[in-house]
Amino acid sequence: MRVSISRTFLRDYGPFALLVLVTLAGWEFAAWLKLVPAFILPAPTAIWTALMEQKELLFGEHLPATLQEVLLGFVLSAACGMLLGTGMHMFTPLEKALYPLLVISQTIPLIALSPIFIMWFGYTLWSKVAVVFLTAFFPVVVGTFDGLRKSGAMYKELLLTLGATRWQILRKTQIPPALPSLFSGLKLSMVYCVIGATIGEWLGGSRGLGYFSRRMAGNLQSAEMFAAVFLLSALGIILFLFIVLLEKIILQKRGIHR
Amino acid sequence: MNVRRGEFISIVGASGCGKSTLFKIIAGLLRHTGGELKVHGMISDDPSSRLGQVAYMPQQDLLLPWRTVMDNCLLPWELKRKGSKAVAVKNIREMLDRFGLEGTERLYPQELSGGMRQRIAMLRTLAAGNELMLLDEPFGALDAITKRELHRWLLELWSSLKQTVLFITHDLEEALLLSDRIYLMSGGSGGVQEFSVDIPRPRHYRMNYEPKFIALRENLERRLHESIY
């Protein structure tokens, strides 16, 4: 049994791990040969050393700051996104009024809007949360809205003949089949949150991994910059996997097998 | 057209003549554009007043795939919350036994055969506890062997259920075997024709080889043909 588990693990992740190892080795070798200057592309070992040297600052201050922005932004995005998606599903006029606005909100280049955010919220946590929210709430709205329409008219008619109210129809036959689509939206949103927080910190701030990476890039301390980028990416992956886990648990509990 | 308490009435007619539309009107999903509709002798003009009063079972079983058989059957109770859950569960267990579905209550619909799913959908329809049941081609999507098996099952079970049933079908043998009366529907302004099935009850599925049954079938088929052309 153990053998077969490690074998499936190797089959699923082996090619990926091999590619990463080969790339890292090639990268390290190129840096060792000094094919590119270290301030343009530092060696993986140098990045690791920088990560270790700066670990108190990175893990003690900047990572918690970014994590706070990401989580606050995500909770807001998820709550507002689900509420808006459900509202648009239940009230057609709301859908007709809001859908174009939502799409427009996604075509605005955030970077161009950021000076305004700074004027509104200052260099506080909330200016970053606002950027996070604007990048991350859209997939939740679309995931919720599209998911709720999946169950179709036939279930709705059946429930109506059983004397169900609109809210009962929503709860009993529309929310369960919407869950996979909702979770797809949440997964996308989570990844966007990390990107949004980084952009927010780039635009103005004094803490966070995005801020740190920008400052280090300005000082040509590429290894430190890459260390922060590596942490940001790891943060995104871990948070993404957390949503995947949550999805698995909830879908299994609700009897929706995939 | 009229339906008396306890009757089993079939409706046959060409595709697209409005049988399903008629059902949706009776169930309260659609508003009628002409004529008059009476429930218990009272004119019923507002379709929403009929919602929840008439049980309706479409051709697809429409079982919720994320719920077990028991939870699917509990759906009508969940929506109305009449009486305690324990009583509802007990009733459904008894009905599962009577329907030949014992041991399935924890299974999911995907794990069952088409015939079993259809029986569960019918059980759910019955569990709604309405006097009138509208069955829109409930066996239409099943293969011939399963269909025959369900006829046999329904004939054995039906007399004890004391339900009033309107039944849409394209299968004339099915209509004759199950019904007290048959309405032939034709599209447009053709209206409906009544056809009585004077075969004594209790009926048996082997009756469809008797000369009387065959004569009735011939007669019905001719009248259906005339009503279309």
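Which side chain meets that of Arg5(B) in a salt bridge? I looked it up in this predicted model, where local features need pLDDT of at least 70, side-chain atom pairs count only at pLDDT 80 or more, and totals for chains, interfaces and linings use all residues. Residues are numbered from 1 along each chain as its sequence is written, chains are lettered from A and ligands numbered from 1 in the order written, and side-chain values use heavy atoms, with hydrogens and water left out.

**Entry: Arg5(B).** The partner is Glu131(B), at 3.0 Å, N to O. I take a salt bridge as a side-chain nitrogen of Lys or Arg within 4 Å of a carboxyl oxygen of Asp or Glu. Arg5(B) is exposed, with a relative accessible area of 64%. Glu131(B), at 44%, is partly exposed. My cut-offs: buried is under 20% relative accessible area, exposed over 50%, partly exposed in between (1.4 Å probe, protein chains only).

**Entry: Arg181(B).** I found its side chain in a salt bridge with that of Glu194(B), at 3.1 Å, N to O. Arg181(B) lies in strand S7 of chain B and Glu194(B) in strand S8 of chain B, so the pair ties together parts 13 residues apart in sequence. Strands are DSSP runs (E, at least two residues), numbered from the N terminus. Arg181(B) is buried, at 5% relative accessible area. Glu194(B) is partly exposed, at 38%. I also noted a network of salt bridges that links both residues with Arg4(B) and Glu7(B).

**Entry: the count.** Over all chains, I get 20 salt bridges.

Definitions and conventions:
Helices (H or I, at least four residues) and strands (E, at least two) are DSSP runs, numbered from the N terminus.
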